[in-house]
Amino acid sequence: MTDKDPGAEPEEGNGAEPEKGTGAEPGEVSDDTRSIPLRDSIFPQTNTFFTTPKFNQGLPPDPLVIRVLSAIEITIAVTLFAGIIFGVMYQVLGRYFPSVSWVGAGELALLSMIALTFITTGYLVGRNGHIVLEIFDEMLAGTRLFIALRVISAVIMVLTSIALAYEAWVKIETEWGRLSAAMHLPLGVIYIFALVGFLSAAVHSSFKIPYANRPERKLDIGEMEG
C-alpha cells in the first residue's frame, strides 16, 4: 500500500503580498504617503502656527532699556484692556439689573480704550506693528541704501514722536480743568498716556538707528499674552 501523493504544497501567506518599502502595518499610513506633495489637491496649502517658523527667530535680544520699557507698557496695556472688558460687561449687566447699573461703566470702557491706544504706541513702533507703506523696501533690499532708508525713517519717527509728545504736554495743562461727564475724571489724564506713549515711540525709534544693519523685529502677538 503506497502513500498517496500529497500534491502541491499550499503557498504560504495566501493573498497579495504587502508592498515593499512602505514599512507600515495594515491600517496605517506610511511615511512615504505622508511625504507626497499636495499638488493634486484642490485645496491650497494652509500655513498654521505649527508649519511656519517662529517670529523673530534668530534675532539678537533687545537692549535692557527696551525690554524693561516694553514690559511696563504691556502691563499697563493689559490693565487698561481689563478696564474695557469690565466697563462693557458691567454696562450690559446694568441693562438686566437696573439696581446695580453704573453710569460710568461706559465711560470707563471708552477712556480705557483711548488710553490703551496711546500707551501701546511705542511698543508697536518698536516692533513695526503700525501701518507702514513699503514703497522702496523691496527695491533697495540687500543694499546699503536700504540701511540708509531705515536710518532716515527712524530719525523722522523720532522727530515726529517728540513733536506729538510736546503737543500732549500742552493738552495736559489745557484739558486738566475739564472733567468727564460721568466719572468726573480730568480729561488731561488721557493726555498723560499720550505723552508717555509718544516719548516711548521716540525711544524705540532712536534705538533703531544704531541697529539699522540687522533684521527688524516684527510684532508677535504671543509676546503680549500674559
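Q: What span should helix H6 have, and how far apart are its end C-alpha atoms?
A: At 1.5 Å a residue, the 32 residues of H6 (residues 144–175) should span 46 Å, and the end C-alpha atoms are 46 Å apart, which agrees. The expected span is 1.5 Å times one less than the number of residues, and helices are DSSP runs of H or I with at least four residues, numbered from the N terminus.

Q: What kind of model is this, and how are things counted?
A: This is a predicted model, in which local features need pLDDT of at least 70 and side-chain atom pairs count only at pLDDT 80 or more, while totals for chains, interfaces and linings use all residues. Residues are numbered from 1 along each chain as its sequence is written, and side-chain values use heavy atoms, with hydrogens and water left out.

Q: Which residues of H6 are buried?
A: Among them are Phe146, Arg150, Ala154, Val158 and Glu175, where buried means under 20% relative accessible area with a 1.4 Å probe, protein chains only.

Q: Switching topic, how do H3 and H7 cross?
A: The axes, lines fitted to C-alpha atoms over the stretch in contact, come within 7 Å for H3 (residues 104–119) and H7 (residues 188–208) and cross at roughly 15°. H3 and H7 are therefore roughly parallel to each other, a label for angles under 35 degrees.

Q: And what about His204, buried or exposed?
A: Histidine 204 lies in helix H7 and, at 3% relative accessibility, counts as buried. Leaving aside neighbours within four places in sequence, histidine 204 is in contact (heavy atoms within 4.5 Å) with residues including Ile66, Glu73, Tyr123 and Arg127.

Definitions and conventions: Helices (H or I, at least four residues) and strands (E, at least two) are DSSP runs, numbered from the N terminus. Buried means under 20% relative accessible area, exposed over 50%, partly exposed in between (1.4 Å probe, protein chains only). Axes are lines fitted to C-alpha atoms, for helices over the stretch in contact, and angles run from 0 to 180 degrees between N-to-C directions. Angles under 35 degrees count as roughly parallel, over 145 as roughly antiparallel, 65 to 115 as roughly perpendicular and the rest as oblique.
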